[in-house]
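Trainee: I have a model open and would like to learn how to read it. Could we go through it feature by feature?

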Amino acid sequence: MYKCLIVDDEEIERKSLHKMINQHIDSISIIGEASSGSQAVALAKAHQPDIILLDIKMPGMDGISTLKEMKKLGLAAKFIIISAYDTFDYAREVMKEGVKEYLLKPARIDETVQTIKRVINELESEKTNEQSQTELKERYNKVLPFVQSEWVASLLLDHVQEMSMVELGAAIDVTLANNYAVAFQLNTNEVHKIEQYQWIKKELRKRCQGLAGPLTGNQIPAFIPVQTELEGVPSSRLQQITSIVQSFSEFFPGVSICAGIGGLAYHVNHFFGSYQEALKALKHTTINKPVRLFHAEMDKDDFHDHTLFKTEQRLFEMVRQGEFDQALGVFDQYVNKLKVMTKGDTAQVQKGVEELFDVLITLLKELGIQIKNPFSLNSYRTSQHLKETAKMALQKIFDQITSWQDIGSKRSIIEAKKYIETHYMRPITLEETAQHVSLSPYYFSKLFKDHFKVTFIEYLTLVRLKRAKELLLYSKLSLKEITYQVGYKDPNYFSRVFKKAEKLSPKSYRIQNYQKQKTRY
């Protein structure tokens, strides 16, 4: 019901309009009549009408002055100007104030009713648009944390295309310049892990505009933007993350947490390198030093040399791409460089290889591939013996990846499909389903699309609509009840989704198919 205020100094005109509206327009409630501009302003302020019928020629404060005073109050009302004068000057003045409707006295009933109904239609349209914008904003805010998490996942897995990452970063309010990576490790149980993960996500965003990636195992990757030159210095980065770790320990007493901090990434192509550094720094944390900052001399033999690091990156990339034969060749190069840098010290070469395997296993976990480290921690007589044993362990990893891709991934996707089909009536998410089958959201999304040729949300919609059609045909449930039973919260939104897929509204679908069944029998 829309509220309407009638403003005219002639009582007979006010009563005539009042009667006309009551008899011909059901969706309007007259909240008052005013015989002067000052009285109209007071009533408008008190009742906030949606529509104001305003006489332009009144003694004292005329219609145009009254309109301007009401505008100063911030009223969102629609104005219909009423005048006995068909002059351009009056029309021009009210058009300046945004008035679109103008009635000449004496107005015919049909003309007045049509004019008011046009204004009502405009109000309805604005209301619908506002609701759509609100719904869109709510859906955007719901999906934003997931998109930000997947954005981080793409960075840490080095799935970076500069333009797409820049565009996506801007869309989700993320800066790509001057960031550094952090790898958090929780020592916790499954019951409270999600709560602790959400706490870290919230604190990173609140304290430093940081973004956390998906929780994998007990590890949380994150990227922190650097706002000032001072924030970028090592001591500031160390202090920032130490503060978060200390607050976490106070908030969750008895739960240990540690963090490795990578170097500054000045460009999108450097983010992956910063994350690798964070993982390596994480390996050097202790109970007494739960936060470590990566630096070139973390180990006195400094095997984090730039050329060695590039070789390591090449190896990881080949593993991700499934180029296992080439990866074994690159591993040979990696060990040879280690031997040169450590001057043939077998113990130091072994230390470097062990760290390589640890980082590789962690990266595979990020992809959702759970593999035990097959590399033995035994002592080796020579570097050559070490290299051959490590290559056999690497081959075992490749064999496990291949087996998992053939069997494990298929099993996980089938299990995910079952999960969707039994939980579609809840507001389930891709992230929740991925966690159920122990895959990273990024990898699960890709795997699901490759296997079923549709995205997760497309398949979930298909399942929900299939059930909705069954309920429309074989139950007497109302549209609102069906909406809730198939996992939607808003009947209007459900109707739009249904109509887009079926080219019919749910109501039309039910009537049409009911008639077909009646004709058949």
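Trainee: Is isoleucine 413 buried or exposed?

Mentor: Buried means under 20% relative accessible area, exposed means over 50%, and partly exposed lies in between, with a 1.4 Å probe and protein chains only. Isoleucine 413 has a relative accessible area of 1%, so the residue is buried. Before going on, note that this is a predicted model, where local features need pLDDT of at least 70, side-chain atom pairs count only at pLDDT 80 or more, and totals for chains, interfaces and linings use all residues. Residues are numbered from 1 along each chain as its sequence is written, and side-chain values use heavy atoms, with hydrogens and water left out.

Trainee: Where does isoleucine 413 lie, and which residues is it in contact with?

Mentor: Helices (H or I, at least four residues) and strands (E, at least two) are DSSP runs, numbered from the N terminus. Isoleucine 413 lies in helix H13. Contact means heavy atoms within 4.5 Å. Leaving aside neighbours within four places in sequence, isoleucine 413 is in contact with Phe444, Leu447, Phe448, His451 and Phe452.

Trainee: How many helices and strands does the protein have?

Mentor: There are 19 helices and 10 strands. Of the 521 residues, 46% are buried. Among contacts with a separation of 6 or more, 66% join residues 24 or more positions apart.

Trainee: Which residues touch the most other members of the largest nonpolar core?

Mentor: A nonpolar core is a set of buried Ala, Val, Leu, Ile, Met, Phe, Trp, Tyr and Cys residues joined through side-chain atoms within 4.5 Å. The largest one has 42 residues, and Phe331, Val353, Phe357, Ile397 and Phe398 touch the most other members. Among the elements that each supply at least two residues of this core are strand E6 (179–187), strand E9 (256–265) and helix H13 (383–423). H12 gives the most, with 9 residues. Another core, of 29 residues, lies apart from it and includes Leu430, Phe444, Tyr459 and Val463.

Trainee: What does phenylalanine 357 touch?

Mentor: Not counting residues up to four places away in sequence, phenylalanine 357 touches Phe331, Asn373, Phe375, Ala390, Ala393, Leu394 and Ile397.

Trainee: Which side chain makes a polar contact with the side chain of glutamate 312?

Mentor: A polar contact is a pair of N or O atoms within 3.5 Å; within protein, one must be able to donate a hydrogen and the other to accept it, and residues adjacent in sequence count only if both atoms are side-chain atoms. For glutamate 312, the partner is the side chain of lysine 280, at 2.8 Å. Glutamate 312 sits in helix H10 and is buried, at 3% relative accessibility.

Trainee: What feature does UniProt place at Asp55?

Mentor: UniProt positions are given in the numbering used here, feature names are shortened, and annotations may be inferred rather than shown by experiment. The unreviewed UniProt entry places "modified residue: 4-aspartylphosphate" at Asp55. In the model, aspartate 55 is in strand E3 (residues 51–55) and is buried, at 2% relative accessibility. Its contacts, leaving aside neighbours within four places in sequence, are Val7, Asp8, Asp9, Gly63, Ile82, Ser83 and Lys105. The side chain of aspartate 55 also reaches the backbone nitrogen of lysine 57 at 3.4 Å.

Trainee: Which residues of helix H3 are buried?

Mentor: In H3 (residues 63–72), the buried residues are Gly63, Ile64, Thr66, Leu67 and Met70. They cover an arc of only 160 degrees around the axis, so they are on the same side of H3. The arc is that of the directions from the helix axis to the C-beta atoms. Just after H3, glycine 74 takes a positive phi of about 80 degrees.

Trainee: Where is lysine 453 found?

Mentor: Lysine 453 is in the loop between helix H15 (441–452) and helix H16 (456–474). Although not a glycine, lysine 453 has a positive phi of about 65 degrees. Lysine 453 is exposed, with a relative accessible area of 64%.
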